[in-house]
Amino acid sequence: MDPEIKKKVLRKIVYGVYVVGVKQEGAVNAFTGTWVTQISFKPPLIVLAVENQAHSFGMISASRVLTLNFLGSDQKGIAQHFLKPAPAGGSKLEGIRYRLGKVGAPILEEAAAYAECEVRQIHPAGDHALVVAEVVEAGIQREADPLTLRETGWTYGG
Ligand SMILES: Cc1cc2nc3c(=O)[nH]c(=O)nc-3n(C[C@H](O)[C@H](O)[C@H](O)COP(=O)(O)O)c2cc1C
């Protein structure tokens with residue numbers, strides 16, 4: 001296989017851009033993720049691929065809850081903020097307006113919409129893990145076109 005062609009082909013997969021809210025005991029954090037899709041109607045399940053080494057993966061594994069925050073197409077700046085690794089002992093949520101939802105994970109006040117999820121299964125898969133989660137609550141905070149990876153000009157894949 002030609003690795004350059006493989007990279008180009010895999011980068012043709014179409015993605016949205018989300019902020020995944022996580023918690024562990026009293027601590028909260030969030031990260032920008034794009035490898036997300038729905039995988040079941042009943043129950044309503046989504047899957048996220050989460051990097052094994054990410055701070056947030058440890059938090060998801062421990063608490064078994066998360067939120068999926070949906071950004072509007074004008075909110076690339078928010079996605080950019082949550083791309084950074086979590087500061088040692090701190091949270092990227094400092095200075096960001098959020099509340100804790102039903103499952104206890106952060107919902108961004110600026111997000112266009114959100115889904116609150118309980119983790120049902122975690123499967124190892126290469127350098128990411130598949131986190132299968134059930135949507136147990138959802139809300140719309142304002143109408144907005146969804147932010148897509150293509151319009152950010154960023155890539156994650158290949
Ligand atoms: C465009 C883009 C998309 C990303 N998508 C994902 C993703 O789907 N899953 C993931 O685990 N990390 C993804 N990342 C990486 C995380 O945003 C990054 O590792 C983050 O620092 C993790 O945060 P944490 O250290 O607070 O856990 C993506 C990065 C970029 C630049």
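Student: Where does Glu-25 sit?
Tutor: Glu-25 is in the loop between β1 (18-24) and β2. Keep in mind as we go that this is a predicted model.

Student: Okay. Is Glu-25 buried or exposed?
Tutor: Glu-25 counts as exposed, because its relative accessibility is 73% and the cut-off for exposed is over 50%.

Student: Which other residue has a positive phi although it is not a glycine?
Tutor: Arg-64 has one, at about 60°. You'll find Arg-64 in the loop between α2 and β5. Arg-64 is partly exposed, with 34% relative accessible area.

Student: While we're on the backbone, which peptide bond is cis?
Tutor: The one from Lys-42 to Pro-43, where omega is near -5°. Pro-43 belongs to the loop between β3 (36-40) and β4.

Student: Let's go inside. Leu-66 next: which strand is that in?
Tutor: Leu-66 is in strand β5. Its relative accessible area is 0%, so Leu-66 is buried.

Student: What does Leu-66 touch?
Tutor: Not counting residues up to four places away in sequence, Leu-66 touches a list that includes Val-20, Gly-21, Leu-48 and Ile-60. Further along the chain, Val-103, Ala-105, Ala-115, Glu-116, Cys-117, Val-119 and Val-131 are among the residues touched by Leu-66.

Student: And how far is Leu-66 from Val-14?
Tutor: Their C-alpha atoms are separated by 23 Å, and Leu-66 and Val-14 are 52 residues apart along the chain.

Student: New topic: where is Gln-75 found?
Tutor: Gln-75 is in the loop between β5 (65-70) and α3 (76-81).

Student: Tell me about Leu-147 then. Which loop is it in?
Tutor: Leu-147 lies in the loop between β9 (128-140) and α4 (149-152). Leu-147 counts as buried too, at 2% relative accessibility.

Student: What else does Leu-147 touch?
Tutor: Besides Gln-75, the residues touched by Leu-147 include Gly-16, Val-17, Leu-71, Gly-72 and Ser-73, leaving out those up to four places away in sequence. Lys-76, Ala-79 and Thr-152 are also among them.

Student: Over to the ligand: which residues come nearest?
Tutor: Of the 22 residues around the ligand, Asn-29, Thr-32, Glu-51, Ser-56 and Lys-92 come nearest.

Student: What about backbone atoms and the ligand's oxygens?
Tutor: A backbone N or O atom of Thr-32 is 2.8 Å from an oxygen atom of the ligand. For Pro-85, a backbone N or O atom lies 3.3 Å from an oxygen atom of the ligand. A nitrogen atom of the ligand lies 2.8 Å from a backbone N or O atom of Ala-49.

Student: You named Ser-56. Which helix is that in?
Tutor: Ser-56 is in helix α2. Ser-56 is buried, with a relative accessible area of 4%. Leaving aside neighbours within four places in sequence, Ser-56 is in contact with Val-22, Asn-29 and Phe-31.

Student: Last one: how much space lies in the second largest pocket?
Tutor: About 230 Å³. Its lining includes Arg-11, Lys-12, Trp-154 and Tyr-156, and the lining residues divide into six nonpolar, three polar and three charged.

Key: Residues numbered from 1 in each chain as written. Predicted model: local features only at pLDDT ≥ 70, side-chain atom pairs only at ≥ 80, totals over all residues. Heavy atoms only, no water. 1 Å grid on protein atoms, 1.4 Å probe; cavity = no way out; pocket = protein on both sides within 12 Å on 5 of 7 lines; lining within 4 Å. Points joined across faces, edges and corners; volume = space filled by probe spheres on them. Nonpolar A, V, L, I, M, F, W, Y, C, P; charged D, E, K, R; others polar. Helix = DSSP H or I, 4+ residues; strand = E, 2+ residues; numbered from the N terminus. Near = heavy atom within 4 Å. Polar contact = N/O pair within 3.5 Å; in protein donor to acceptor, adjacent residues only side chain to side chain. Buried < 20%, exposed > 50% of the residue type's maximum accessible area, 1.4 Å probe, protein only. Contact = heavy atoms within 4.5 Å.
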